Amino acid sequence: MHFSLKLKKYFRQLTSELTWPTMFFLVLAQAVSTYLLFVLADEKELIHHPLQFLYYNMVVVSTVGFGDFSPVTDAGKMIVSFFQIPSGLIIFATFIGKVTQFFINIARSTMNGSNDFSHLSGHILLLCWDKHSTEQIIKLILGDKKRQKRQILLCVTDLMENPFPETDEISFARLTTFSDPDELQRIALAKAERIIVDGKSDDETLSIALSIATYASKDANISAYFFDKSKADLLKRHCPQIECSTDNSAQMMVRSMQDPGSSQVTERLLSTLSGATLYCLQIPELKHKVTFGPAFNKLKADKGMILVGLSHFKNGDNMQLNPQSTSEIKTGDYLHYIANERITSSEINWDALS
């Protein structure tokens with residue numbers, strides 16, 4: 001029993017230390033050696049054709065043993081008994097163990113977050129983990145029926161396993177810290193197009209946002225969530241490109257008291273799971289002058305869109321809500337609208353709005 005355990009331990013160690021090139025060399029060496037020995041033993045039937053020998057060798061070393069081919073000379077039988085079967089079984093078992101270990105390592109890497117995602121581009125990064133809020137964020141992202149199929153990469157520093165192992169659109173990475181450039185390169189931070197920072201505390205959110213701001217793309221949409229407005233203002237002073245949102249539960253309670261149903265309207269406008277919700281698009285290059293009033297009427301009639309806001313900045317700074325009808329919409333501006341589903345700028349005939 002003790003010998004059996006030591007043997008298993010030895011094979012596991014051998015399998016883990018053996019490289020793939022060495023493994024394939026051993027497989028080839030066993031086959032070639034057996035073939036040459038059969039040539040010396042004059043086993044004509046077994047070496048008649050290389051493909052036939054390969055088939056026979058695999059049948060023997062895998063212990064399947066169909067019996068359609070077998071040695072006929074005494075020397076050939078000795079070769080099979082004392083070389084082909086022992087060497088073949090050892091190498092075949094090692095090969096199977098190597099393949100099994102390969103797939104186990106893939107599964108473990110997927111679960112423990114150690115995979116390298118530096119090949120990703122245009123993906124969504126979710127930084128930090130909270131069971132309830134993160135699950136809701138992912139549900140809302142996936143609920144957008146016309147969203148671009150960006151890979152979602154959940155990044156955490158917690159000691160945990162992948163909470164979404166069965167969802168192909170979500171990958172998982174566990175980092176030692178969000179301030180290590182090598183770790184940020186592993187999650188392809190510089191190539192991410194959307195980044196959400198939602199720490200367990202405002203201090204953690206602030207720290208992560210400041211750490212990634214230097215390495216993130218200037219064109220990336222970065223959102224950070226805070227409870228304390230002063231922390232959000234501090235981040236805005238240092239990183240004006242980051243869009244900061246704060247807890248508005250107090251405002252919503254007052255609005256619901258003053259205007260019943262306000263909380264339901266807000267919840268529906270922010271949710272992508274059902275019905276009309278709030279979207280944003282960037283204005284492409286315009287050939288003619290477009291003003292808000294005619295655009296409002298035309299888009300409502302043609303696309304079912306309700307224009308609600310206009311901003312010159314991606315993060316919504318200096319937003320004009322319900323602007324004047326004469327307000328000019330310019331190339332590069334951002335239009336915020338309500339619709340039953342996302343409508344992209346390419347689906348709109350901008351020349352017809354002038």
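Q: Which residues of strand β5 (residues 221–226) make up its covered face?
A: Keep in mind that this is a predicted model. The uncovered face of β5 has Asn221, Ser223 and Tyr225. That leaves the covered face, with Ile222, Ala224 and Phe226.

Q: How many bridges join strand β4 (residues 194–197) to β5?
A: These two strands run parallel. Arg194 stands opposite Asn221 in β5. The count of bridges joining β4 to β5 is 4.

Q: Is Asn57 buried or exposed?
A: You'll find Asn57 in helix α4 (residues 50–61). Its relative accessibility is 3%, and the cut-off for buried is under 20%. So Asn57 counts as buried.

Q: Which side chain makes a polar contact with the side chain of Asn57?
A: Leaving aside neighbours within four places in sequence, Asn57 is in contact with Gln30, Ala31, Thr34 and Gln84. The side-chain polar contact comes in at 2.8 Å. The partner there is Gln84.

Q: How is α4 oriented relative to helix α5 (residues 74–112): roughly parallel or roughly perpendicular?
A: The two helices pack with their axes 8 Å apart, at an angle of about 75 degrees. Angles of 65 to 115 degrees count as roughly perpendicular. That makes α4, relative to α5, roughly perpendicular.

Q: How many charged residues does the contact of α4 with α5 have?
A: On the α4 side, the residues are Tyr56, Asn57, Met58, Val60 and Val61, and they meet Val80, Gln84, Ile85, Gly88, Leu89 and Phe92 in α5. By class, that contact has 8 nonpolar and 3 polar residues. As for charged residues, there are none.

Methods:
Residues are numbered from 1 along each chain as its sequence is written. This is a predicted model: local features need pLDDT of at least 70, side-chain atom pairs count only at pLDDT 80 or more; totals for chains, interfaces and linings use all residues. Side-chain values use heavy atoms; hydrogens and water are left out. Buried means under 20% relative accessible area, exposed over 50%, partly exposed in between (1.4 Å probe, protein chains only). A polar contact is a pair of N or O atoms within 3.5 Å; within protein, one must be able to donate a hydrogen and the other to accept it, and residues adjacent in sequence count only if both atoms are side-chain atoms. Contact means heavy atoms within 4.5 Å. Axes are lines fitted to C-alpha atoms, for helices over the stretch in contact, and angles run from 0 to 180 degrees between N-to-C directions. Angles under 35 degrees count as roughly parallel, over 145 as roughly antiparallel, 65 to 115 as roughly perpendicular and the rest as oblique. Ala, Val, Leu, Ile, Met, Phe, Trp, Tyr, Cys and Pro count as nonpolar, Asp, Glu, Lys and Arg as charged, and the others, Gly among them, as polar. Two strands pair if DSSP finds at least two bridges between them.
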